[in-house]
Amino acid sequence: MTLLYTEVEEELRAAVRDLLADRCSSSAVLGRVESGVESGMPYDAELWKTLARDIGVAGLLVPEELGGAASGAGGASAREAAVVLEELGRAVAPVPYLSSAVLATQALLTAWGAAGGEVAGELLGRLAAGEATAALAVPFAASPYAPPAPAVSLSEDGTVTGTVGGVIGAEIADVLLVPVRLTRGTALCAVETSPAGTVQGAVRVAPVTSLDLTRPIATVSFASAPARVVATAGGPETPWVREALLRGAGLLASEQLGIAEWCLATTVAYVRERRQFARPVGSFQAVKHRLADLWLEIAGARAAARNAAARLAEAPVAGDITVAVAVAQAHCGAVAVHAAEECVQLHGGIGMTWEHPAHLYLKRAKADQIALGTPGDHREALAGPADLPAPV
Amino acid sequence: MTLLYTEVEEELRAAVRDLLADRCSSSAVLGRVESGVESGMPYDAELWKTLARDIGVAGLLVPEELGGAASGAGGASAREAAVVLEELGRAVAPVPYLSSAVLATQALLTAWGAAGGEVAGELLGRLAAGEATAALAVPFAASPYAPPAPAVSLSEDGTVTGTVGGVIGAEIADVLLVPVRLTRGTALCAVETSPAGTVQGAVRVAPVTSLDLTRPIATVSFASAPARVVATAGGPETPWVREALLRGAGLLASEQLGIAEWCLATTVAYVRERRQFARPVGSFQAVKHRLADLWLEIAGARAAARNAAARLAEAPVAGDITVAVAVAQAHCGAVAVHAAEECVQLHGGIGMTWEHPAHLYLKRAKADQIALGTPGDHREALAGPADLPAPV
Amino acid sequence: MTWDEASVARRAAAFLAEHDPATVDRLEFLRARFDAGLAWVHFPEGLGGLGAPRELQAVADRELRGTPDNQPGRIGIGLGMAAPTILAFGTEEQKRRFLRPLWTGEEVWCQLFSEPGAGSDLATLATRAVREGDEWVVDGQKVWTSSAHTARWGLLLARTDPGVPKHRGLTYFVCDMHAPGVEVRPLRQITGEAEFNEVFLTGVRLPEALRLGEAGDGWRVAQATLMNERVAIGGMPVRRTMMEVVADTWRSRPELRTHDLHQRLLRLWVESEVMRLTAARLREQLAAGHPGPEGSGMKLAFARLHQELSGLEVELLREDGLAYDDWTFRRPEAVDFLGREAGYRYLRAKGNSIEGGTSEILRNIIAERVLGLPAEPRADKDVAWKDLPR
Amino acid sequence: MTWDEASVARRAAAFLAEHDPATVDRLEFLRARFDAGLAWVHFPEGLGGLGAPRELQAVADRELRGTPDNQPGRIGIGLGMAAPTILAFGTEEQKRRFLRPLWTGEEVWCQLFSEPGAGSDLATLATRAVREGDEWVVDGQKVWTSSAHTARWGLLLARTDPGVPKHRGLTYFVCDMHAPGVEVRPLRQITGEAEFNEVFLTGVRLPEALRLGEAGDGWRVAQATLMNERVAIGGMPVRRTMMEVVADTWRSRPELRTHDLHQRLLRLWVESEVMRLTAARLREQLAAGHPGPEGSGMKLAFARLHQELSGLEVELLREDGLAYDDWTFRRPEAVDFLGREAGYRYLRAKGNSIEGGTSEILRNIIAERVLGLPAEPRADKDVAWKDLPR
């Protein structure tokens with residue numbers, strides 16, 4: 001296991017970065033934010049299509065046998081997905097990668113690994129090929145250590161009914177994966193949203209005015225929506241959700257790393273140029289020391305995020321990944337926010353304006369801090385593995 | 001109520017400061033530390049005599065009717081005691097002011113306020129006049145929110161037996177005030193240590209090698225030592241101890257303020273003079289900003305310590321002083337340590353040497369952080385009054 | 001005469017006897033109050049005051065409570081910055097012309113200091129004012145101007161002599177915001193709304209009579225304005241503190257509590273209390289006649305606390321913290337921390353460490369003016385402004 | 001030849017076959033190991049090495065585990081700083097003279113760089129070396145010299161030309177610590193003990209043969225020494241980390257636990273783990289041939305974490321934290337965080353952010369060399385050392 005980037009990973013990074021430089025500049029993202037509020041479609045569907053199909057990022061976690069790129073023998077893995085997330089974070093790219101290719105995909109992978117995973121396999125194939133986009137209908141703020149009980153019920157006629165708030169990626173999803181409660185146990189259901197397979201009004205995605213302009217949340221309601229059962233579990237738990245949240249949290253660290261890196265690089269570039277008192281602002285020692293401290297935090301974030309990705313890659317189905325994930329999230333969640341806050345502050349007034357992209361990163365970083373468990377949740381989860389018991 | 005210093009308080013400060021400048025320089029304190037380790041007497045008894053008798057600091061909390069200077073009508077109060085503690089902190093003066101004139105005195109004042117307080121009254125008179133020095137035989141690390149159960153027992157023959165660790169001021173005490181357990185309830189007993197009234201070996205004060213060189217702790221053992229009962233209580237609590245710890249904590253904030261002020265002033269003076277890279281070190285912006293932040297913390301410490309002293313002065317016997325005390329301790333305990341740590345760091349190598357007095361302040365500040373409840377204990381105590389309940 | 005509490009109270013009673021707020025028109029009432037010297041009692045007679053000690057203003061306010069007020073939130077810059085500056089540096093004529101409608105709220109003021117290239121280093125500003133006969137012709141761009149779109153007058157700092165070091169070539173003007181060549185554009189912020197404006201000045205002609213203070217003395221006049229700005233920010237009355245807002249959220253949502261958040265909240269509660277006590281002590285010092293640069297410290301502490309608390313609130317709210325109340329591009333008249341939700345508070349509080357002097361500049365001020373630490377080496381003090389590196 | 005794991009292992013086996021550690025005298029064994037090229041395999045042949053890649057040293061160490069070692073803790077400065085500097089800048093004769101007894105531990109080395117007036121600004125040092133014939137006469141005072149009292153040789157940086165800017169007038173010497181005029185006095189620290197010394201140099205005569213590198217080139221030679229120092233500090237192997245020590249205290253004393261301390265400890269555990277991973281990643285980078293100034297970052301993080309953890313441990317211990325283990329004035333040969341108690345760790349850790357480059361200097365290095373931020377205005381770069389303000 002290495003904490004460095006492999007050559008293959010660097011090539012993938014270059015491909016994604018080139019595409020984003022071309023199609024996802026700050027001004028493009030700001031424009032998308034404006035139009036997205038009006039149209040109700042916050043994502044750049046064309047960009048997403050290019051990423052998913054042409055570069056093939058959607059299938060990085062999906063096994064080769066299902067049409068993806070993942071394999072235990074040197075194929076793609078969570079390490080590559082992490083690199084993609086770094087780049088997407090660096091660009092605050094409005095694409096449903098985390099929601100579809102990570103969260104929904106991980107839920108399906110867990111279901112596929114269990115018995116009777118045919119539906120999961122079929123869905124994974126569509127996702128990997130970039131033919132469909134999915135979303136996991138679970139609040140983005142849910143903690144992997146306390147996944148919410150399903151709020152949706154499955155009727156005997158095979159339809160689902162109920163409402164889930166705080167969901168990401170639903171606006172662009174062709175398939176919604178919904179945890180549902182059964183009389184005994186739980187299930188993961190798949191609901192198609194595209195016109196062909198659905199009843200009018202059976203699925204409603206209501207956008208919520210969101211702190212994060214580039215990845216807003218929505219409320220998803222099901223009213224007797226036709227559903228397929230992807231997997232079932234006998235107890236009150238929803239193992240697919242827990243696994244998706246935990247692995248999603250581990251990979252989110254790489255997105256946070258990307259955010260932090262953009263903020264540091266942009267701030268460094270600004271304070272090198274900006275002059276006050278006939279000197280570059282970046283020559284003032286207090287500014288230098290703060291940026292040095294931030295650099296050190298980010299060096300730590302890189303190591304922690306790489307470690308989480310590597311552990312996830314080593315344990316494609318299960319295994320003890322909690323420590324690596326929790327350490328990465330406890331650290332990276334705070335680092336991204338710190339970096340974005342310093343970026344705004346050290347840009348002075350200009351960083352407070354709508355036209356400067358800094359606020360997009362601040363909002364994304366703050367939302368990410370809450371997403372998939374807060375840093376506090378992840379620290380708390382370490383008390384056991386670190387053998388540092390709480391007071392009694 | 002004012003948070004400023006009154007003229008009377010400034011005069012008292014000037015008198016104490018002049019005496020300390022004369023008799024308690026850094027080099028004198030370092031010398032006392034060396035000789036104290038050998039002789040077992042860490043305190044400067046002569047200096048203490050002058051402070052207690054000539055300047056009259058020992059009686060600031062003792063009512064005029066008992067020979068002290070305190071009165072509700074414009075006499076001395078906790079406000080003046082706080083000013084004395086600021087100056088003693090600023091000089092890390094090796095005198096038993098906190099142990100005798102604050103902790104022991106407060107325990108006696110609480111006992112005197114209750115029924116049958118004649119013994120307390122007599123002792124308070126001796127203390128106020130500077131004729132005797134007392135110590136409260138309770139661990140200095142005890143929290144006012146969880147005072148320890150008495151570790152000493154009172155026999156029917158009127159003698160006490162048992163051991164108390166972590167006590168300050170015992171080496172120089174003529175009277176030890178010991179909380180004892182009774183068959184039913186508790187009592188506060190007074191044990192004389194001076195030859196006249198004691199049995200050989202009945203009281204033993206064993207010095208403990210201490211972090212704080214200028215106010216070390218000791219272990220006090222009683223073996224059938226003759227004692228007088230000062231007060232009794234029916235329940236398991238020791239109200240005199242709780243009150244002494246809480247009020248002592250409130251006044252300790254002023255000592256911490258004095259420590260922090262010395263550290264800031266000394267550091268500022270040093271970095272103004274010390275040159276590196278052909279500039280005063282104090283002209284480097286990172287150093288300036290850190291010292292500005294420290295100054296702000298200390299401005300807060302002054303307001304909080306003054307507020308605690310003023311509240312204590314307004315409520316000479318009881319009343320709700322917890323918030324003022326807890327806020328002052330939660331803040332000042334950390335500020336003193338921070339100031340001492342910055343003092344060592346910004347002095348560079350010289351601050352790490354035994355010859356420079358910075359370490360005396362670091363050790364005192366660190367010990368004070370533990371004393372009479374840690375900052376965490378005081379914060380915890382605020383959850384109720386601030387109506388910020390803990391998670392369930 | 002020497003005013004005391006009783007005599008100010010009598011004056012107010014006599015005024016009320018002659019002007020019944022229930023019947024007199026609001027504006028007439030305010031003008032009469034100004035003329036009676038009960039606007040700001042420490043101002044001179046004839047200029048809205050009585051020449052009384054400043055602290056007696058509280059007596060006048062108490063006696064006149066419930067009568068029409070001048071909506072101080074709307075005209076904060078006029079009251080807090082323009083009025084003391086005009087009083088200190090204005091001509092008799094300027095004082096008579098400007099102070100009355102300023103106080104009654106008939107004329108709103110704004111401040112035209114900051115520029116895109118001159119933020120913390122205000123003295124390096126580039127807006128030019130060139131004398132032509134008995135007029136000045138002004139060209140340049142200002143930014144972060146609140147109330148510019150409602151203002152009748154602006155406090156303008158402009159460069160009149162580029163050939164001398166930057167602090168010495170500035171002159172202070174009252175800018176006629178209705179003059180041709182003044183263009184105001186809203187500046188949208190990260191909160192979605194636009195509290196502030198950019199102001200473009202193109203060939204704006206200001207008569208000599210609108211110069212405030214001597215030509216070349218603008219920096220000194222501006223210092224008075226800025227000092228009053230920081231006092232105003234530090235001493236602003238608040239209905240509820242940020243701590244109270246967050247504490248209420250904590251109390252009302254027990255299911256969101258964790259030990260991590262609890263410990264952090266207790267720390268911030270202590271800090272908040274310490275800041276309250278520090279501010280109270282500072283006010284006592286000011287009242288005792290010992291003002292000082294300590295006000296900079298309060299603004300610094302205030303910004304930090306606001307940011308920490310508002311950040312914690314969003315985190316505490318979890319799913320609700322992912323939502324925002326409104327991104328609509330609006331033009332509010334004042335900051336409203338309490339009327340909006342957690343996300344807004346978090347974003348708006350970021351400005352607290354930038355507006356009215358960044359926290360970095362405030363630390364410099366504390367280090368140099370309070371602690372007496374040496375200034376950094378300066379390359380720009382004795383160089384003509386036009387020769388400075390840019 | 002090209003060395004690989006197998007051939008180094010064979011070499012070690014052959015060496016062991018000829019030198020049975022059970023029968024050969026310890027010093028003889030070490031000398032023979034040096035001569036066999038198994039001391040530091042990446043050094044040239046004849047100088048204790050094989051000219052092999054650095055990472056093969058681990059193979060030699062593994063194969064020779066359990067045999068007499070050179071007690072690296074005692075001779076850390078020789079191994080970590082003197083050896084690479086001599087290898088890079090020494091003459092053939094100097095390498096042959098010094099490296100063998102250095103490695104075997106027969107000769108201890110110390111470092112004579114810092115002075116009372118030259119700490120962070122090392123290049124401003126004032127110790128003079130004046131040439132007289134083929135000798136140099138040295139006068140000055142050095143400080144913070146560990147091992148000076150046991151050292152045979154010192155790495156000395158002295159000023160040989162005060163008439164040029166400070167970096168250019170320095171020369172690097174090997175100082176004979178047994179020469180007349182060298183006086184070593186212990187320097188007591190806040191921990192009570194004296195790890196370090198002051199060294200007074202009075203008319204110390206050093207032959208030309210002890211000059212290391214060119215006259216006037218001392219700064220460049222010293223940079224090599226310092227770079228190796230920071231690598232050494234960052235990469236020091238530890239038996240147990242400070243985190244493990246504090247965690248053990250936490251586990252063994254349940255009655256001392258509070259939520260405040262628990263939350264802080266969890267934060268530090270995460271930081272400690274992040275630092276471990278960062279160091280592991282840095283080592284991978286180094287092994288891959290991409291070294292960099294990032295090592296400064298590790299030292300910075302290490303100091304902070306050590307200080308936070310040791311401070312928390314004292315606080316956690318409460319009454320036991322008020323005690324100290326020993327104030328006796330002792331002269332230890334090495335720092336021992338583990339053999340002493342919490343109070344010692346707390347005090348000693350304060351030095352971590354000062355020794356070997358203060359945290360302030362390390363932040364400057366990161367800001368300038370890693371982030372490329374501009375240097376501060378410098379007044380001392382082009383001024384002759386003798387004309388600098390003091």
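Which residue takes a positive phi in the hairpin of β4(A) and β5(A)? G185(A) does, with a phi near 90°, and four residues lie between the strands of that hairpin.

Before we go on, a word on the model: it is predicted, so local features need pLDDT of at least 70 and side-chain atom pairs count only at pLDDT 80 or more, while totals for chains, interfaces and linings use all residues. Residues are numbered from 1 along each chain as its sequence is written, chains are lettered from A in the order in which they are written, and side-chain values use heavy atoms, leaving out hydrogens and water.

**Around strand β4(A)**

Strands here are DSSP runs of E with at least two residues, numbered from the N terminus. Strand β4 of chain A spans residues 175-181, and six of its seven residues are buried (under 20% relative accessible area, 1.4 Å probe, protein chains only). Its partners are listed below; two strands pair if DSSP finds at least two bridges between them.

| Partner of β4(A) | Sense | Bridges |
|---|---|---|
| β1(A), residues 134-136 | parallel | three |
| β2(A), residues 152-154 | parallel | two |
| β5(A), residues 186-192 | antiparallel | seven |

Within these pairings, L136(A) has L177(A) as its bridge partner, V152(A) stands opposite V180(A), and R181(A) faces T186(A).

**Where chains D and A meet**

Each chain gives 41 residues to the contact (heavy atoms within 4.5 Å). Four salt bridges cross this interface, a salt bridge being a side-chain nitrogen of Lys or Arg within 4 Å of a carboxyl oxygen of Asp or Glu. One salt bridge joins R363(D) and D293(A), at 2.8 Å from N to O.

Technical notes:
Buried means under 20% relative accessible area, exposed over 50%, partly exposed in between (1.4 Å probe, protein chains only).
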